[in-house]
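Biologist: I would like to go through this model term by term. For each label, please give the cut-off and then the value that meets it.

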Amino acid sequence: MATGWNEMTDAIFHCQRCRLCEGRTHVVPGEGNPNADLMFIGEGPGQEEDRQGRPFVGPSGQLLTKMIHAIGMERSEVYICNIVKCRPPYNRNPEPDEALACMDFLRTQVYLVRPKIIVLLGKVAARYTLKQEISINRDHGKWFERNGYWMLPTFHPSALLRDESKKRDAWEDFKKVRDLYRALTEAGNGSISE
């Protein structure tokens with residue numbers, strides 16, 4: 001595992017651990033505040049992300065940015081990344097071997113950022129990060145504590161664009177994130193009772 005930002009970024013840019021490297025235009029390591037208290041993890045880059053080399057810049061990313069603003073934060077204050085760093089063909093879900101090939105990178109990102117809260121955008125991000133089967137319809141908005149990190153699965157912004165009826169539930173999830181973020185910030189030590 002890489003020990004610093006430069007080493008990790010260099011490893012991602014030169015990665016050939018799985019077949020996703022063969023079709024990429026750009027790798028998409030992640031971006032944002034390297035000391036963020038709030039981190040967002042999606043499943044993988046889409047077409048626009050692959051073109052620009054930045055996470056969540058297409059229509060889903062524009063919606064995510066609006067949702068971050070709605071809880072009183074700027075995109076520059078958070079850290080955003082994905083399970084896989086290269087675009088899966090036709091925006092399909094990453095295969096298990098592809099996701100596992102990238103997990104060291106994700107672990108390093110979490111270790112370097114050390115967020116207080118991690119929002120898992122969609123089933124794929126939740127499943128691989130929490131290492132358990134997750135149903136977003138059933139488990140969205142539930143807090144999971146892992147190794148000192150508070151994690152909350154919610155709907156991927158692309159799901160909200162396909163089905164606007166899920167937006168109300170997603171907003172309730174984001175309000176939970178906002179409220180815990182405020183409580184943790186006020187507590188100052190990252191401990192809080194549910």
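Modeller: Start with the element names: helices (H or I, at least four residues) and strands (E, at least two) are DSSP runs, numbered from the N terminus. This is a predicted model, in which local features need pLDDT of at least 70 and side-chain atom pairs count only at pLDDT 80 or more, while totals for chains, interfaces and linings use all residues. Residues are numbered from 1 along each chain as its sequence is written, and side-chain values use heavy atoms, with hydrogens and water left out.

Biologist: Where does that place Val 28?

Modeller: Val 28 sits in the loop between helix H1 (5-13) and strand S1 (31-32).

Biologist: Why is Val 28 called buried?

Modeller: Buried means under 20% relative accessible area, exposed over 50%, and partly exposed in between, with a 1.4 Å probe and protein chains only. Val 28 has a relative accessible area of 0%, so it is buried.

Biologist: What is Val 28 in contact with, leaving aside its neighbours within four places in sequence?

Modeller: Contact means heavy atoms within 4.5 Å. With those neighbours left aside, the partners of Val 28 are Pro 45, Glu 49, Asp 50, Gly 53, Arg 54, Pro 55 and Lys 85. Glu 43 is 15 residues from Val 28 along the chain, and their C-alpha atoms are separated by 12 Å.

Biologist: What makes the protein as compact as a globular protein of its length?

Modeller: Begin with the elements: there are eight helices and six strands. The radius of gyration is 16 Å, close to the 16 Å that the globule rule gives for 194 residues, so the protein is as compact as a globular protein of that length. The radius is taken over C-alpha atoms, and the rule is 2.2 Å times the number of residues to the power 0.38. The C-alpha trace spans about 45 × 40 × 30 Å along its principal axes. Buried residues are 49% of the 194. Among contacts with a separation of 6 or more, 69% join residues 24 or more positions apart.

Biologist: Why does Ala 125 count as buried?

Modeller: Ala 125 has 0% relative accessibility, and therefore it counts as buried. Ala 125 belongs to helix H5 (residues 123-130). Leaving aside neighbours within four places in sequence, Ala 125 touches Ile 41, Gly 42, Glu 43, Ile 83 and Leu 120.

Biologist: What makes H5 mostly covered?

Modeller: Six of the eight residues in H5 are buried, namely Val 124, Ala 125, Ala 126, Tyr 128, Thr 129 and Leu 130. Their cover includes strand S2 (38-42), helix H4 (96-113), strand S4 (117-121), helix H6 (136-139), strand S5 (144-146) and strand S6 (149-154).

Biologist: How do you know that there are zero disulfides?

Modeller: A disulfide is a pair of cysteine sulfur atoms within 2.5 Å. A search of the whole structure finds zero. For Cys 18, which is in no disulfide, the nearest cysteine sulfur belongs to Cys 102 and is 6.0 Å away. For Cys 86, the closest cysteine sulfur is also in Cys 102, but at 6.3 Å it is too far for a bond. Cys 18 is buried because its relative accessibility is 17%, and Cys 86 is buried because its relative accessible area is 9%.

Biologist: What about Tyr 90, with a positive phi in a residue other than glycine?

Modeller: Most residues other than glycine have a negative phi. Tyr 90 has a phi near 55° and lies in the loop between strand S3 (79-82) and H4. At 79% relative accessibility, Tyr 90 is exposed. Arg 114, likewise not a glycine, has a positive phi of about 55°.

Biologist: Why is Arg 114 called partly exposed?

Modeller: The relative accessible area of Arg 114 is 47%, so it is partly exposed. Arg 114 is in the loop between H4 and S4.

Biologist: Why does Arg 138 count as exposed?

Modeller: Arg 138 has 52% relative accessibility, so it counts as exposed. Arg 138 is in helix H6.
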